[in-house]
Amino acid sequence: MLHLAASKGEPASEDGAALVRASHDTLVWMAAMSRSHVTVTMGRFRERGLVDCARRTSLTVHVAALREHLAALPDRRRDGP
């Protein structure tokens, strides 16, 4: 999502959010996941305030919130499985 926002996104607001025009099928292809898995994952991202998405609208990626979320995840390379 961060790569997509950086490479294809347009500024959406003053807070650094990025507006991305990508279809559901594009997200499926880029993430190498099933449509249903992308739908569930995007719903979870939306619940956490990381993205805003709805049918037939552009995807808004809240870049700062997504970076903060990723930074809070355990480093599996360091911590192990």
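Threonine 41 lies in helix H3 (residues 35-47), where helices (H or I, at least four residues) and strands (E, at least two) are DSSP runs numbered from the N terminus. The model is predicted, so that local features need pLDDT of at least 70 and side-chain atom pairs count only at pLDDT 80 or more, whereas totals for chains, interfaces and linings use all residues. Residues are numbered from 1 along each chain as its sequence is written, and side-chain values use heavy atoms, with hydrogens and water left out. With a relative accessible area of 18%, threonine 41 is buried (under 20% relative accessible area, 1.4 Å probe, protein chains only). The side chain of threonine 41 reaches the backbone oxygen of histidine 37 at 2.8 Å.

The protein has five helices and four strands, which follow one another along the sequence in the pattern α-β-β-α-α-β-β-α-α. The four strands form an open sheet in the order S1-S2-S4-S3, with antiparallel pairing (two strands pair if DSSP finds at least two bridges between them). Strands S1 (10-11) and S3 (51-52) stand at the edges with a single partner strand each, so one side of each is left without a neighbour in the sheet. Strand S1 is joined by two bridges to the antiparallel strand S2 (residues 18-20), and proline 11 stands opposite alanine 18 in S2.

For the protein as a whole, the C-alpha trace spans about 40 × 30 × 25 Å along its principal axes, and 25% of the 81 residues count as buried. Among contacts (heavy atoms within 4.5 Å) with a separation of 6 or more, 39% are between residues 24 or more positions apart.

Key. Buried < 20%, exposed > 50% of the residue type's maximum accessible area, 1.4 Å probe, protein only. Polar contact = N/O pair within 3.5 Å; in protein donor to acceptor, adjacent residues only side chain to side chain.
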